[in-house]
Amino acid sequence: MCLAIPAKIVELNGTTATISVDGASREVDVSLVEEPRLGDYVLVHAGFAIHKWEKSEVDEWEAIRAAAGLPGVTT
Amino acid sequence: MNTLVSTINELARRVGRDVRLMEVCGTHTMSAFRSGLPQLLPSNVRLISGPGCPVCVTDTNYIDAAIALCRRPDVIVATFGDLVRVPGSPPTGGSLERERAAGADLRVVYSPTDAVALAQENPAKQVVFLGVGFETTAPTVAASIVQAAKDGVRNYSVLCAHKTMPHAMEALLHDQEVKIDGFICPGHVSVITGAAMYRFICEKYKIPCVVAGFEAWDMLKTIEMLLAQIVEGHAEVEIEYSRSVNERGNVAAQKLLTEVFEECDAGWRGLGNIPRSGLAIRAKYAQFDAAKAFGVKFEAARPHPGCRCGDVLRGVITPPDCKLYGKTCTPTDPVGPCMVSIEGTCAAFFKYDRRAAA
């Protein structure tokens, strides 16, 4: 139940952001993360961004995934 | 990955005894089984699954109360999908799914805020959200209550059974039947709480704690870090999942939790009543507390005879040790919650590990 997925913010309107995952769009609440910006990567749980990843952290995750033959953040 | 496995083998040899590492997050359980991790580990290192699946630790009396609410014609029950198939108390052992088949208005939602929207769209009905989950989920439910209060939504409430991790982990360390040499700490709970929350476990019980990410590599690295601490005789909090977790956690989410909830004692399936391990809705938000609004009485929890989910949740047995496992209890026709939830140890075992267990 504590699953959280990394996703990229593709639209931002106040505390509501649109994220895109595997081609599906979803509005999420970004009020729990500091200074969300368009293009930021966030961890999303139950309709809320609970953490913001820096670019280096996205790269780290994608490297781990790539080594296992798995895709990274898909928009 | 191969280098990590080699290091783990070497460290395990240096430990020179059996080591039991408990993961207390259902998502870790799934990740471990899915990637075949238990088979990669040396024979003296065992992963045991703890009470990390919120659905699994929710007692039957909560399901019974949710079913009773579902039967009211003036109520729409909104829930995360995980909960709908969990059987209530015997002898009937009904589930929310069965109630829906019988005509109850049950909606599966993606976010608690969807349930608030549902209440706004259905002003003639009362919408009750089933608030189950750990520190990761509880802030999202708190946010839904704050939003409902702000928007003057009077027909929204939460049947609250949120639980918190640290005192449940401590209770396991007091359990004579449970032997734990290290904790693989839950990654997304820790995003919210911060890793400092586990420090008392290291200081008081000398048990190493490492906060883990969810890829197979993260979990192997975590196991390496735990074994290294055990070899060196250390007991510290370390963060493997540093791309998401820091010492302090998400302060905005913590503020929201404090605003809406207060600590309470909570009943855990398999672990019994654990002081200070639950979250109750504060009096300030009493109108959003479904238990108060509907005068819900929680009867004593009655587990199914023969179901050993409680022992599975404490890591005392593995699923095949339960006589119901794979016979009367299967993912298509589950008896216990550990077989219902996709993050339940029995369901994960059934899906990924049957050959290894044979």
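**A loop residue, an interface and a sheet**

Tutor: A:Ala46 counts as buried because 27 C-beta neighbours sit inside 10 Å; the cut-offs are 20 or more other C-beta atoms within 10 Å for buried, 12 or fewer for exposed, and partly exposed in between, with C-beta atoms placed from the backbone. Before going on: this is a predicted model, where local features need pLDDT of at least 70, side-chain atom pairs count only at pLDDT 80 or more, and totals for chains, interfaces and linings use all residues. Residues are numbered from 1 along each chain as its sequence is written, while chains are lettered from A and ligands numbered from 1 in the order in which they are written.

Student: Where does A:Ala46 lie, and what is its phi?

Tutor: The residue is in the loop between β4 and β5 of chain A, where strands (E, at least two residues) and helices (H or I, at least four) are DSSP runs numbered from the N terminus. Most residues other than glycine have a negative phi. A:Ala46 is not a glycine, yet its phi is positive, at about 50°.

Student: In what order do the elements of chain A run?

Tutor: Chain A has 1 helix and 5 strands. From the N terminus on, they run β-β-β-β-β-α.

Student: What radius of gyration does chain A have?

Tutor: The rule for a globule is 2.2 Å times the number of residues to the power 0.38, and the radius is taken over C-alpha atoms. For 75 residues, a compact globule would come out near 11 Å, so chain A agrees with its 12 Å.

Student: Which element gives the most to the side of chain A that touches chain B?

Tutor: The contact takes 21 residues from chain A and 36 from chain B, with two residues in contact if their C-beta atoms, placed from the backbone, lie within 7 Å. On the chain A side, β4 (41-45), β5 (48-53) and α1 (55-67) each supply at least two residues. The one that gives the most, with 6 residues, is α1(A).

Student: Which residues of chain A does B:Glu215 touch?

Tutor: B:Glu215 is in the loop between β8 (209-211) and α12 (216-232) of chain B. It is partly exposed because 18 other C-beta atoms lie within 10 Å. Not counting residues up to four places away in sequence, B:Glu215 touches A:Ile64, A:Arg65 and A:Ala68.

Student: What is the strand order in the open sheet of chain B?

Tutor: Strands pair if DSSP finds at least two bridges between them. In this sheet the pairing is parallel, and the edge strands, each pairing on one side only, are β4 (106-108) and β6 (156-160) of chain B. The 4 strands come in the order β4-β3-β5-β6.

Student: In β4(B), which residue is the bridge partner of B:Ala78?

Tutor: Strand β3 (residues 75-79) of chain B is joined to β4(B) by 3 bridges, and the two run parallel. The partner of B:Ala78 is B:Arg107.

Student: At what angle to β5(B) does helix α7 of chain B run?

Tutor: Angles run from 0 to 180 degrees between N-to-C directions, with axes as lines fitted to C-alpha atoms, for helices over the stretch in contact. Helix α5 (residues 60-70) of chain B lies across β3, β4, β5 (126-131) and β6, at about 140° to β3(B). Helix α7 (residues 112-121) also lies across β3, β4, β5 and β6 of chain B, and its angle to β5(B) is about 170°.
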